[in-house]
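Please prepare a short briefing on the structure below, grouped by topic.

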Amino acid sequence: MTNSARINPFACGWFQVEYSDRLKPGEVRPFRAFDREFVLWRDEEGRAHLMDAYCRHLGTHLGHGGRVKGSALQCPFHGWCFDGDGDCVEIPCSPDARLSHRGLRSLPLVERHGLLFAWWHPENQAPDYQLPDLPEYRDPQWSRYHRHGWNVPTVWYEIQENIVDSTHFHYLHGVNSLAEVKRCENQGTVLDVDIHHRFNTPAGVVPGFIQTTLHGPYLALVRFRVGDLAEILFIDGITVRGAREVDLNFSLMARLEGIRSPDMSLELVQEAIRQVSEDVPIWRHKARWERPSLAAGDGPIMKFRRWATQFSPLPASHHEKLELTHV
Ligand code: FES
Ligand SMILES: [Fe+2]
């Protein structure tokens, strides 16, 4: 296997930064992702920004003591100001100084479905796929988000691989029957997975499904339905903190109307949280084989892994090295 076919723990893609309502206008805070330091802030007009943390002047971390001034962020040390694009817009002690080339990188950032998402690419290439729509968000048939998060010493692809690992639902999570993978389609940056189960319920054994669409490495929409009894829909959002540390955040909505048992929808929310809490110790301690010893009946693990390699562009410097090697 060549390097280019490996999955990158710091893959490029849209990732969840924060809930919108947890970042107020004027707020500034440090933010760590991809083993780097950033500053997360919201200007007084209400726009949120995620920028490289260290001031271009003498390196102050803007997330510790930076102040919002209108649409700019001011460094606490000597007062340099940066706008939301990261451009240096003022050097107070030197009004005539050239400001160009003194700016910081600002990551593309959007607010969708009550969340902030930023785009990570190691060489700052523009986003090459869109975030998905979520019409159920704020639909009165559905609950508001139940929020639940875990901090796990692992890599993003261990967590997302769980989606296609159809046999573990029975053995680890105690789901009634072995799951059947109805669909696992590679649709470019989207992976579309449909897994069917049979569930024990007070109304007897009921067929159900978990339909997941992965949108890039760090974001999945998961729809979990039990017959016509209950349904939940959640965002599985991953934030990579370090080479072996991720935050996994679930934003779960229970279907409360158009379904027979809204109470069971609320129970499914807790069931999804319970299942991940069983996965966490596995992720925390497991090894990762590049060539696992798979058996008939396993889910489409290698299909997931092939799909996951596409988010790992080699840095340009690496391409150059490869070209030199091939001369
Ligand atoms: S270090 Fe930021 S203004 Fe001097
Ligand atoms: Fe699981």
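An unreviewed UniProt entry carries the annotation "domain: Rieske" for residues 15-118; UniProt positions are given in the numbering used here, feature names are shortened, and annotations may be inferred rather than shown by experiment. This is a predicted model, in which local features need pLDDT of at least 70 and side-chain atom pairs count only at pLDDT 80 or more, while totals for chains, interfaces and linings use all residues. Residues are numbered from 1 along each chain as its sequence is written, chains are lettered from A and ligands numbered from 1 in the order in which they are written, and side-chain values use heavy atoms, with hydrogens and water left out.

**Annotated span and sheet**

- Residues 15-118 are 0% helix and 41% strand, and the end C-alpha atoms of the span lie 6 Å apart; helices (H or I, at least four residues) and strands (E, at least two) are DSSP runs, numbered from the N terminus.
- An open, antiparallel sheet is formed by four strands in the order E5-E6-E7-E8; two strands pair if DSSP finds at least two bridges between them.
- Strands E5 (67-69) and E8 (88-90) are the edges, each with a single partner strand, so one side of each has no neighbour in the sheet.
- Neighbouring strands of this sheet are turned by 40° against each other on average, direction ignored; axes are lines fitted to C-alpha atoms.
- E5 and strand E6 (residues 72-74) run antiparallel and are joined by three bridges; Lys69 has Ala72 in E6 as its bridge partner.

- His168 in helix H2 (residues 168-171) and Asp279 in helix H3 (residues 262-285) are 111 residues apart, a pair that links distant parts of the chain.
- His168 is buried at a relative accessible area of 9%, and Asp279 is buried at 3% (buried means under 20%, exposed over 50%, partly exposed in between, with a 1.4 Å probe and protein chains only).

**Largest pocket**

- The largest pocket holds about 390 Å³ of space; a volume is the space filled by probe spheres set on the grid points, which are joined across faces, edges and corners.
- A pocket is an open set of points on a 1 Å grid over the protein atoms alone, where a 1.4 Å probe fits, with protein on both sides within 12 Å along at least five of seven lines; lining residues have an atom within 4 Å of a point.
- Glu161, Asp165, Ile282, Lys286 and Ile301 are the closest to the pocket centre among its 19 lining residues.
- Helix H1 (156-161), H3 and helix H4 (301-308) each give two or more residues to the lining, and H3 gives the largest share, three residues.

Note on methods: Axes fitted to C-alpha atoms, helices over the stretch in contact; angles between N-to-C directions.
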